[in-house]
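Q: I have a two-chain model open. How do I read the contact between the chains?

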Amino acid sequence: MYVELHARSAFSFLEGASVPEELIAAGVELQMPAMALLDRNGVYGAPRFHLSAKKNEIKAHIGAEISVQRPKSKDQSPTNICSVPVLVKNRQGYQNLSRLITLMKMRVPKHAKPGECVVTSEELAAHATGLICLTGGFDGPIAGAINRRVAESAEEAQRSVEWLTDLFGKKNVYAELQRHFDREEEARNHLVIEIARRNRLPLLATNGVCHAIPARREVSDVFTCIRNHVRLETAGRLLAQNSETYLKSGAMMRKLFADLPEAIANTSELSSRLKFTLGDLGYEFPKYPVPPGETMTSFLRKRTEEGARLRYTGVNDAPAYEKARPQIERELKLIEKLKLEGYFLIVWDIVQFCRKEGILIQGRGSAANSAVCYSLGITAVDPIGMELLFERFLSEERGEWPDIDLDLPSGDRRERAIQYVYTRYGKLGAAMTANVITYRGRSAAREVGKVLDFGEETLSRLAGLVHTWEWKDPNDSSERQFRNAGLDLHNPRIRKFFELYQMVQDLPRHLGQHSGGMVICKGQLDSIVPLEPAAMPGRVVVQWDKEDCADLGLIKVDLLGLGMMAVLEDSIKLIRDSYGEEVDLAHLPQNDPAVYEALQKADTIGMFQVESRAQMSCLPRLRPMNFYDIVVQVAIIRPGPIVGNMVHPYLKRRQGREPVTYAHPLLEPVLRRTLGVPLFQEQLLRIAMLCANFSGGEAEELRRAFGFKRSEARMKAIEVKLRQGLLKNGITGKTQDEIVLAISSFALYGFPESHAASFALIAYASAYLKCNYLAAFTAAILNNQPMGFYQPFTLIKDAQRHGLKVLPIDITCSDWLCTIEEETGRRGDGEKGRRGEAGTREGEAETLGRVDAAQGEHRVPASPHLPLSLFPRLSVTESSLALRLGLKYVKGLSKQSGLAIVRERAVRDFLSIDDLSNRVPELRKDELRKLAAVGALNFIQASTGSKTKVSPKTNRRDALWQVERVTRAPGKLYEALLEKDGNSPLQQMTLTERVDADFRGTGLTIGKHPVAYHRGELNRLKALKAIDIRKLRDGTFVRVAGWVIVRQRPGTAKGFMFLSLEDETGVSNIIVTPQLFDQYRLELVGHPFLLIEGALQNQDNVVSVKASHVKPLSLEPQKGTKTRNILFKFP
Amino acid sequence: MFVCIHAPKIPADLSLREFAYSFSPMVEEVRCGTVVIDVEGCELLFGSSYQLANEVAGRAKGSRIHGGLETTVSVAIAANPDAAIHAATRLKGITFVSSGEELTCLGEFPVDHLDYALVNVEKKVADEILETLKLWGIRTFADFAPLPVTGVSERLGQEGIRLQQLAAGKTERQLRIKQPAPVFANSIELEHALSELEPLSFIFARLLHQLCAALNAYALATNEVWVAMQLDDQTTHERRLSLPYPMRDHKVFLKLLLLDTEMHPPQAAVRAISISCEPVKPRVLQNGLFVPLAPAPDKLELTLARLAKLVGEQNIGSPALLDTHRPDAFSMKRFALTNKSDFRKRRKKENRQSAIGNRQCLGFRMFRPPLRAIVQADQGWPTQISAWSKQRSVYGKVVNLAGPWRTTGNWWRDDRWARDEWDVTLESGNKTSAQQSLYRIYRELNTKVWFVEGNYD
């Protein structure tokens, strides 16, 4: 019986060419009883190898090839470093191996050069217990000894073997023999046999496997080229000599080692000595340090009790504490039974830290089903009030750890929370989960193309073939794609490229870090999984990805960055500072009419989760009227309901166009809230529980079996069980089929209700802030870009349409971030406030919705096109506030310079551009130019009143004229010749030049929408405004034009494309059929401005144009205007 | 006054500068297709400047036989050369720029078209200035010219001033007149097509003699000679003679060319011949007093050419091993004499290598080409071999073997290979006088054919 004990997977990055599952599959095919995986300096692939082996009922041995610096040598050259293959004998061995790898990795940076990442002989000796060592293949210690000094190779090899036996003990060293039909290797084998016999070491046959099947040798060669930065044509002897490093059967290996049968027999013997598998990891979640006299159980109970009393006090119609008590008790009992108190307390501890630090934090995901989580303040959704199903979160039967996701404001605040975890549990006690970056898409095409020596032009074309659109046309075969790109798949090189490109798909490329998953194991995580430094300073990652950690039972906490959380937190601060009001997100007024009015009108740009094009087209139909409607709204535009055809039935029933029916009376209590249509995962679990007598855990198991499609057999078995259960309850025939179909189609994409509720809370909060504190919300969202669906320009135009005054970037007022000013004075400073008016001097009627406060109580949109009913009015408080754009929006201005400006200005005002340049030496010439070009320097003179030497008629060109002077020192000799005043001979910028400069310099404009400048021309083309088409009847043939702000081609839309065209009055929604997309692909994908013709669809106040013709527009200025030949450039 | 001629579509074989010389010797070639002429004092020959411009435009349209360019040119006359250049390159036909009225003509030109090289401004500086001008809203020469000089100087420096003067058409400079570059090319058109080598050799000799005389006159040599022969069948037969070091001996060139022509004869009779070369500095070399004399490089080159003629070009040179696992893969490199220091370095390297690789190994005698063999095998293991050719034969029973040693490669190309090698001991003869020899045999895995590659000493 032969066991392969030296195999590398593709997790020996750029060395192995098969994923662990392929190796196991090949092993199963060859009827191998066990196999060992020894990846280079890591156990990256071990979990997948272990799980795959477990599924296929073969034994998975774990090990690694460790780079070791040979002893008694000061030579640091790579030739002095050998690769020692070690196999794990027992758990202690695994822990030693894991610590050894951690030791090696943690002392060098992430991208260490080959040879830097090594362990010393002493370190290896200190961690040798529980490990079995092989003498290695071509890069092993014996091969290294022979290569170094040929003349003394026998002695050197002998010394190497003695070194290994000293380290590991004689019984734990095997003389490894490999036979790949190579002369040199065979010569080495002779020496190994001789030394083994002399030292009485057992011989061990291995095949040094690098790939599962011979055909994968090509990938191996490609990886060799990528690793060595060479082409296949020039790689020469770096490439493999032949394809023999594949997994060979016992019969083949016996034939190869016919002269050494003991080498084959020893593989079984050694395999039987290797008792350790990853199932025996010994992971325990850390204990939470509790005060003396407390146990974790009692401490958790007390904290839950305290929280529950606070939460369930009858506020907001929540059930009273007594009503919630049984559920909390039930949950606590299960938590205690599963010994998860530490986990809940650790999460609670993180939440407490964030609260103390003023960092907004909210749990989401299935944790929101738990009343304990709600009581501990981890989540914000009341599961009892919302009748959420606890089993979706935790169940005894499932045997899996719970998963709590915590949303934090993205950026520095999230980093603080992460660093707190590191500080609390130690560098070796907590780490981020990894994210295995695999070969995919363009990068794979480029790397493979380079190896095949394609020119840059061909490479670009090949990379361009990889579609970035979510939707994949089923007719879009590879042949067709290649043909369209002018590449012939019959050409052998192109065909080879295509084969290799497909072969490398999904193979690991390198290790990244997961966006938020953290594994915690106080002080001993390095004995569970090797750790390594992340590219980001201060971060440590484990060698396994999120799924692997979950599969091996490592509990993780997801600390996820959510841009909207940062917006909410920033908004609250801005409201406190500028409005003088305190907003508590936990106690926002329920059922704010302004919020529901905005939602019903789909006026949701910038709002969390409901701002997408699909959401906006659904909102007027669903017409949310209470919080639960928002939960439904968040969940309904998801692949699950869309693929499962649940959206239209639900909307029809909601609009009263279809009766509410239930497939079976048993379903009524489950589906009543969603009008008989299943929308949430919890409903499916409940259906299984009610109609098929499943327990909570079984129901969750059912969801997972269908959801991940891991095993056909498992799915079939559970379906049989489901049908039997349904039958027992008298559900047969068509009804039974319907229920089974609903569960099977929904499990994969369905959205948990608890998750939707958590998101809906944030969505409501964002909508509330936008509707009631527009200035603060807009400033916050602009300060946290990039995020969401829309560009800053669209967000600003939307805010302006709602009446918000937006002030330009001004070096005398703007901070680094966007701020709020009182309209009559900057932050209460009356004198400086007048500078805001100076900002409009340059023909800057720069705010579309700007109206004198004296006009009345409410601000109204200035545009005659905008009816009052369309956009809500601002409150009295808010009408006196304006948004001041921050210096952050000046493209090319470094944060350091921006902050330096603000710092110096705080000392005293800038007297002139000269003064600015002198006092802020961080400002480079190009930065000054950029500030001048966007008009940020216009107000310097105005700020100093009559003291200025320069004409008060400062404009952008004046500033640019002066900037060039201050940045070029003339020297003393020419001082007398210099001009005495700063009068600029340059002409002021025209309107269109200003718009152009705004877009170039900031990516946005606060003046008129660029399309507005061309309205005359568009009128001549009979293009309607976005606002006008809303009044037209369904079916009217219309023509609209505008700037494309969003392009989408979702995977669930069967090839349809959705465009959003913005003009000065709003956004028009365009639907493009797949046929039309093919016809106008270039125009639709590449042009910023489009003119679209088509039939208007106006159903339930959802207005869109079904395009029938597309024309790109180049918006050149109209004849007769003083704009000169400027073509707008937009980002 | 200055006249600028701009001919963007001038035929490749015609020279605008030569054309300009027919009007005045004071010619500056601005760039390919643009020249400027100082026509001061040409009035007696051509009349007024305007008449001269008409003459230039008219003659340019004429056929090449009459000294024309067979194309339409733009002509501009101005008081300074740069204004003339700008006008001619931007405006078609004949443009007359009056002195002091430059901006009237040039004013609408975009500043992007300022020919900054004319006033010695580097591209990087010019780009920066143009970027500044763009920010200032300066788009044309007319926008730029009236800016205050002190202001421009303070902001854009002296380069800015020069560009401003250029835009205003106020630059003052002399023409940069260059001597025509020597041409190292000769050609001849034959009245009757030649198909024999001997008469051709006389033509070659004459052309090469002229070429080497020209090289001699400029104290130059060449290491590459191009020969192009127009053939009777309207095709061109082109050859390139590469020399190991620069030479200018027409006799050597002739011999080499004749040998090359014998090896690569033209497919039809020759109607015209042109010979050209790339001039380089000649090699200056002094041999050491005690260094043994190597063959003279020119003689060596001739010998190699004669050998190449005998054995074929691909079969002469020094073999160089290729970096591949493919057994016996090598390429032929051009044979060249190494100088002393190279030789020493190589010796040193070889010595070091031999010290490292001090292995006891057998000498191997390779059969070229390998002998095709008939091999009897038992379960893939060779047992009996017989192979023969005119020179030798190999046969016998395999009494001992090692292998297979497998190499495969070039899987991404059409010439992929895969083979198994064996080292075998063959026993031949009868029992009383049995002989044993050690051979290397191999089997092409793609074709399943066996070969004997050679024997070990």
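Q: How many salt bridges does the rule find across the interface of chain A and chain B?
A: The model is predicted. Across the interface of chain A and chain B, the count is 8 salt bridges. One pair to look at is B:Glu154 with A:Arg965, whose side chains meet at 3.2 Å, N to O.

Q: How many residue pairs are in polar contact across the interface?
A: The rule gives 19 residue pairs, both partners at pLDDT 80 or more.

Q: Which elements give two or more residues to the side of chain A that touches chain B?
A: They are α7 (183-199), α8 (217-228), α9 (232-235), α20 (492-504), α40 (925-933) and α42 (956-966) of chain A. The most comes from α42(A), with 5 residues. By class, this side of chain A has 19 nonpolar, 4 polar and 20 charged residues.

Q: How is the size of an interface often given?
A: It is often given as the accessible area lost when the parts come together. Here chain A and chain B bury about 3700 Å² between them. Carbon and sulfur atoms hold 53% of that area. On the chain A side, A:Phe181, A:Arg183 and A:Trp961 lose the most area to chain B, together 18% of what that side buries. In residues, 43 of chain A are in contact with 40 of chain B.

Q: What does the secondary structure of chain A come to?
A: Chain A has 47 helices and 22 strands. Of its 1131 residues, 60% count as buried. Its accessible surface is about 45500 Å², with 52% on carbon and sulfur atoms.

Notes
Residues numbered from 1 in each chain as written. Chains lettered and ligands numbered in written order. Predicted model: local features only at pLDDT ≥ 70, side-chain atom pairs only at ≥ 80, totals over all residues. Heavy atoms only, no water. Contact = heavy atoms within 4.5 Å. Buried area = accessible area lost by both parts, 1.4 Å probe. Salt bridge = Lys/Arg side-chain N within 4 Å of Asp/Glu carboxyl O. Polar contact = N/O pair within 3.5 Å; in protein donor to acceptor, adjacent residues only side chain to side chain. Helix = DSSP H or I, 4+ residues; strand = E, 2+ residues; numbered from the N terminus. Nonpolar A, V, L, I, M, F, W, Y, C, P; charged D, E, K, R; others polar. Buried < 20%, exposed > 50% of the residue type's maximum accessible area, 1.4 Å probe, protein only. Areas by Shrake-Rupley, 256 points an atom, 1.4 Å probe, with all protein chains shown as cover.
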